[in-house]
Amino acid sequence: MDIVEKGQIQFSQTFQELRMDVSLEMKESAMIEGVPFIRQMPELERGCEVTSLAMLLQYGGVNVDKMELARQIKKVPFQENGMRGNPHEGFVGDIYTKRNPGYGVYHQPIFALGQKYLPNGLFNLTGRDVEDIYKAISMGTPVWVITNAEFVPLPESEFQTWQTSAGEVKITYHEHSVVIVGYDQEYVYVNDPLAKEPQTAISRSNFEKAWRQMGKQAISLSP
């Protein structure tokens, strides 16, 4: 496995250019060392997304912690006027405790918040092929993603459709966010804010299916 040390690689091209460069094909394996590992508990029972963003930003040289990001993330009510909150618009409900109703947040508000700290330093990989995640890691940037807490594809019975002011949104209460720091042929390695240690190994095949199921949401530092 290729080890990518922080600061080892200088990025001078756009990600699109790198993607088209045949000399920069996806490596068979890579691991990024030095990515901060931050646990969301006990302060943020639903704060996996901002905790994972804190890991990404700190690796990018930004001095910001999870609690500051939790305060700043745009929030929307869990329910208002008969409509549920939209995680594409903000964090839905209570981020701090499960004693109150809440859900989570998707990539758009997270990307907007991250841009406040790194205006030109983030790249939105949402909707791209999974190989682009691995290429980003190969080049030395960890990747924030939305998956589920089981890291396996979920049955349709675990999903429900919310009616929001912007239309229907599909959600699952198993939704989770982690930072990908490495991969090989069998496993993806993640800094999971619910885990006790960094670089948790999860099945690469199951991760890819679960990530696609959650809308292929991903954010990296800009190359």
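1. Helix axes here are lines fitted to C-alpha atoms over the stretch in contact, with angles running from 0 to 180 degrees between N-to-C directions, and helices (H or I, at least four residues) and strands (E, at least two) are DSSP runs numbered from the N terminus. The model is predicted, so that local features need pLDDT of at least 70 and side-chain atom pairs count only at pLDDT 80 or more, while totals for chains, interfaces and linings use all residues. Residues are numbered from 1 along each chain as its sequence is written, and side-chain values use heavy atoms, with hydrogens and water left out.

2. Helix H2 (residues 48-59) packs against helix H4 (residues 107-117) at an angle of about 35 degrees, the axes being 11 Å apart. Glu49, Val50, Leu53 and Leu57 of H2 meet Ile110, Leu113, Gly114 and Tyr117 of H4, where contact means heavy atoms within 4.5 Å. By class this contact comprises six nonpolar, one polar and one charged residue, counting Ala, Val, Leu, Ile, Met, Phe, Trp, Tyr, Cys and Pro as nonpolar, Asp, Glu, Lys and Arg as charged, and the others, Gly among them, as polar.

3. For helix H5 (residues 130-138) and helix H6 (residues 204-213), the axes come within 11 Å and cross at roughly 120 degrees. The two helices are therefore oblique to each other, the class left over when angles under 35 degrees count as roughly parallel, over 145 as roughly antiparallel and 65 to 115 as roughly perpendicular. Val130, Ile133 and Tyr134 of H5 touch Arg204, Phe207, Glu208, Trp211 and Arg212 of H6, a contact with five nonpolar, no polar and three charged residues.

4. Two backbone features deserve a check. The peptide bond from methionine 41 to proline 42 is cis, with omega near 5 degrees, and proline 42 lies in the loop between strand S2 (30-32) and H2. Phenylalanine 151, a residue other than glycine, has a positive phi near 60 degrees and is found in the loop between strand S8 (143-148) and strand S9 (160-164). Most residues other than glycine have a negative phi, and most peptide bonds are trans.
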